[in-house]
Amino acid sequence: MTARGVRVGEDADDLDVEEALALVREAASLPGHDRTAHDATGRGHGPAPSHPAGPAAYATPHDCTSHDGIPHDGTASGDDLYGTGRHAGERGAGRPHGNGPCDDGPYDDGPYDVERPDDGPYDIERDTGGRYGGGPGGGRGACGSCGRAPDGAGAGRGSGGDRPGPAQGAPVHGTASAGTPAPEAHGVRSHQRSHHSSPWPEARRIAARAARTASRESAGDGDAPACRRAPVAVPLDAALGLVLAEPLTALTDLPPFDTSAMDGWAVAGPAPWDLRDESVLAGHARPEPLTDGEAVRIATGARVPQGATGVLRSEHGRTDAQGRLQATLPPGLAPARGAGTPAVGHGQDIRPRGQECRSGDQLLPAGSLATPAVLGLAAAAGYDTLTVVPRPRVDVLVLGDELLTEGVPHDGLIRDALGPMLPPWLRALGAEVTEVRRIGDDADALYRAVTGSRAELIVTTGGTAAGPVDHVHPTLHRIGADLLVDGVDVRPGHPMLLARTPEGRHLVGLPGNPLAAVSGLLTLAEPLLRTLAGRPVPEPYALPLGETVHGHPHDTRLVPVVLRGDHAVPLRYNGPAMLRGIAVADALAVVPPGGAQRGQEAELLDLPWAAAGIGVCFT
């Protein structure tokens, strides 16, 4: 059992901490090591094979209301975040209706609808809607709320509908604009665009192994750039949240000498004691030895004089009329009295030298996270600096011409939600965000940004599908990248990708919808960054669900939940374009294909601000 729930089976494929640290040290030993030559993460998603849509898949005229009567725009009475008809203040467990744009497939936004079966793989032609939801246009003739297109209507551009669709007459999926090769021409090395997407657990394993594989390849090739930066020595105040690259070994005994554990008197022999005039204070030189019958005032942390029997606490002593110190120990603390029996036990309230550790003892193994307590221990053990694994550097590239950086949406433009959200989230995952660049829909600018990056990981937002301005796949093809993951069987976030460049960097392509991007972040970026940083695999845990969660027939769902007692309560606003649910969530519940019943245990992915760990540090 964990503090929050039962453990989920551990994944044998996850990177072992010792192995990760060994790779870090191996990278440090490579000749001509260049700190700029490490893997960066990139993402993108090619179009999955089209699948037959039954005549009932999207009826015309289109009804954008879920089968239980909840509109896809996520409206609800009052503050009902839980989808129960109750106000949020009641915090009742409720049914997660999942309303929102349907850009990640028809089952991201609500319960599985048996009247609209989906027996085939992801189909970009049926996924459309605003990048951040509510944006104008969802493709010609698309519904303004959920983005679903009536029969015969063109679908919009974007990462599975991560942007508003093209105007009437503009090229749509499966067509090419002037001067732009058809999407099928943009195959990426070693992968065909008619690929099958990866199951969610496998995608996470691939991401966790990606940096390890790149490190091994570079270590075996003297001409290849190192994909891991060498360990670095940093001051203690700069080590918070980093991983120790070397064991923490005590540089001194702790404590380094016998010290007083209390304010009081250091006494020698039995009572009464003659008092010396001086006092022994912390930080002062070695005091004069004591002989039997003597006592001296002493402060907490001060060095105990040689010859002292123990320390008599201030509240347990008094001076008599002759000026001698007498013990007034409570009955339970006073030792048995008898001729020659001291009133203070031997070693009483003294911290002996080396009680905690001896010089040379290993205090912490390599791979330990530098928490505030670890920094304190290192300082006590004599350290001024720590040798750590440096934070993986990440460049964030925000794509899309329709994005505003300030003000309210207007004239077809919408606010960029990912630019402000991703950098602190990546820092919470242990990364150093070196640049946030807004690229727009410029293929050449994207190419220059990717090839010019010196980060271990590049994160892009949107543009991972096959629309006329979705440039991630063509850019990866242009630079000769390998697609490691091209689509994941998860909702939201299906059109995410992971690629490796010829230089050994990685690129994670996130969908443009905010919650879908969070899904991609935790599915692909988190395992990769954890491996690059040498962090241990978090211990999985599960809790029973407070309510039934409807599932996709084939794909995993990630659903925002709040933790209430020993249950995880699903939140209502869980559409791919929505942030209202995850803004109050504690975790994401991993819902298997087919859904999960009330009371059924579901694996939980903690969110940084709710994990009560070092990951809560966003700066």
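The dialogue below takes these topics in turn.

User: What should I know before reading?

Analyst: This is a predicted model: local features need pLDDT of at least 70, side-chain atom pairs count only at pLDDT 80 or more, and totals for chains, interfaces and linings use all residues. Residues are numbered from 1 along each chain as its sequence is written, and side-chain values use heavy atoms, without hydrogens and water.

User: Is alanine 525 buried or exposed?

Analyst: Buried means under 20% relative accessible area, exposed over 50%, partly exposed in between (1.4 Å probe, protein chains only). Alanine 525 has 0%, so it is buried. Alanine 525 sits in helix α7 (residues 514-533). Helices are DSSP runs of H or I, at least four residues; strands are runs of E, at least two; both are numbered from the N terminus.

User: What does alanine 525 touch, not counting residues up to four places away in sequence?

Analyst: Contact means heavy atoms within 4.5 Å. Alanine 525 touches Val508 and Gly520, with residues up to four places away in sequence not counted. Alanine 207 is 318 residues from alanine 525 in sequence, but 7.3 Å in space, C-alpha to C-alpha.

User: In what order do the three strands of the open sheet lie?

Analyst: Two strands pair if DSSP finds at least two bridges between them. The order is β4-β16-β5, with antiparallel pairing. β4 (232-235) and β5 (243-244) are the edge strands, each pairing on one side only. Two bridges join β5 to β16 (residues 385-389). Valine 243 stands opposite valine 389 in β16.
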